[in-house]
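Have the viewer open and follow along.

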Amino acid sequence: MGAGKVLVLYNYSQHLVKGEPKDILAEHGVIACAHAVAAALREAGYTVEVVAFSTDIEATLAPYPPKEWIVFNLGEGLEGRLFEEARIAWALEAMGYRFTGSPGEAIALSTNKAKAKEALARAGVPTPPWKLLRDPAEVDGWRPDGPLIVKPVSEDASIGIGASSVVTDPHQLRERVAYILNRYRQAALAEKFISGREFNISLWGNEPEILPLAEVDFSAFANPLERIVSFAAKWEPDSFEYKNTPVICPAVVDPELKGRIEEVAKKAWHAIGCRGYARVDMRVDTEGNPYVVEVNCNPDLSPDAGFYRAARAAGYTYTEMVVRILRLAVEGV
Ligand SMILES: Nc1ncnc2c1ncn2[C@@H]1O[C@H](COP(=O)(O)OP(=O)(O)O)[C@@H](O)[C@H]1O
Ligand SMILES: [Mg+2]
């Protein structure tokens, strides 16, 4: 078996089937990531091919037999359809490849925020109360207590998240639900807005192990309702939001809260069925209760993204991190 041959697989789309034109920025983030991962693997002595696909994953893989190639799976959906991320992993499973990161089932759960929250709640993992809305009319007569954040049910990377996502009255809620249904062609998830600190917890390995916690520093925003990682904060370098949401890693957090956050993060990993590596996003309310807002299977591995920030804080080089993620897929260690 040629254990040294690695196929770095990623999605490339010229256009998106829905959403805002700017959303392509998030989709294209994976290209630089694929090349950084490939360079790291080459540095470590692996034979590497980088392959992009736009629709037909099976045809793309045909020249690379699973007995020779291990797949470093960076596939994040197709043409803006995030739900296809699970299909990519299922195709790899069906064809018998060994591949990095989570299985299709975990990806399918985590990329549908309503299903993910059901699974978390069933497993006793705290997640903010929510309601799935398929029609703006479903807002009528609903009187939530306190502000809400409204998200597309199946997007990631802060797509569809902006200042108008946080709503404080039924009119704003209705408008935002209508926007998500029309622009993103999917249901809207309205969730209790948790005012308080935001942590990203990177996990990997079998048990899993937890890397140093990261916290988003929102101190530039006086209004607590503006303290969110919006699309601008993530993808638009010239925006106020991007320049004013630095991440502190390791986060400064007292041992008791750290313990609570880590316990909840591990439970969330198991509830979703993550494998290899993952990142859990959490908000902590003013009483110190952590809530999982999202579990990211296969989070961004770019050199400037959160997972490597945490791995670096734990003493890993980028190459060491990439090689460990590959070895977890091959040997499980
Ligand atoms: N319940 C919530 N309360 C407060 N802020 C939230 C909540 N849910 C999400 N956010 C904010 O919105 C951002 C994006 O939400 P998230 O669920 O992580 O979606 P994505 O998949 O786009 O990363 C979070 O990083 C956080 O800043
Ligand atoms: Mg998130």
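## Ground rules

Helices (H or I, at least four residues) and strands (E, at least two) are DSSP runs, numbered from the N terminus. This is a predicted model, where local features need pLDDT of at least 70 and side-chain atom pairs count only at pLDDT 80 or more, while totals for chains, interfaces and linings use all residues. Residues are numbered from 1 along each chain as its sequence is written, chains are lettered from A and ligands numbered from 1 in the order in which they are written, and side-chain values use heavy atoms, with hydrogens and water left out.

## Around ligand 1

Ligand 1 is surrounded by 19 residues (a heavy atom within 4 Å of the ligand). Lys-151, Ser-158, Glu-191, Glu-198 and Glu-294 are the closest. Sorted by class, that shell holds eight nonpolar, one polar and ten charged residues. Here Ala, Val, Leu, Ile, Met, Phe, Trp, Tyr, Cys and Pro count as nonpolar, Asp, Glu, Lys and Arg as charged, and the others, Gly among them, as polar. At least two shell residues come from each of strand 5 (148–152), strand 7 (188–192), strand 12 (277–285) and strand 13 (290–297).

Now for the N and O atoms. A backbone N or O atom of Ser-158 sits 2.6 Å from an oxygen of ligand 1, and a polar backbone atom of Val-229 is 2.8 Å from a ligand oxygen. Taken alone, ligand 1 exposes 540 Å², and the protein buries 98% of that (Shrake-Rupley method, 1.4 Å probe).

## The cavities

How many cavities of 30 Å³ or more does the structure hold? There are two. A cavity is a set of points, on a 1 Å grid over the protein atoms alone, where a 1.4 Å probe fits but cannot get out; lining residues have an atom within 4 Å of a point. The largest has about 80 Å³ of space, and its lining includes Val-30, Cys-33, Tyr-277 and Asp-300. Domain 1 (5–101) and domain 2 each give that lining at least three residues.

The second largest cavity has about 40 Å³. Helix 5 (113–122) and strand 13 each supply at least two of its lining residues, with helix 5 giving the most, four. Glu-294 is among the residues lining this cavity, and also among the closest to ligand 1.

Technical notes: Polar contact = N/O pair within 3.5 Å; in protein donor to acceptor, adjacent residues only side chain to side chain. 1 Å grid on protein atoms, 1.4 Å probe; cavity = no way out; pocket = protein on both sides within 12 Å on 5 of 7 lines; lining within 4 Å. Points joined across faces, edges and corners; volume = space filled by probe spheres on them. Domains from an automatic or database assignment.
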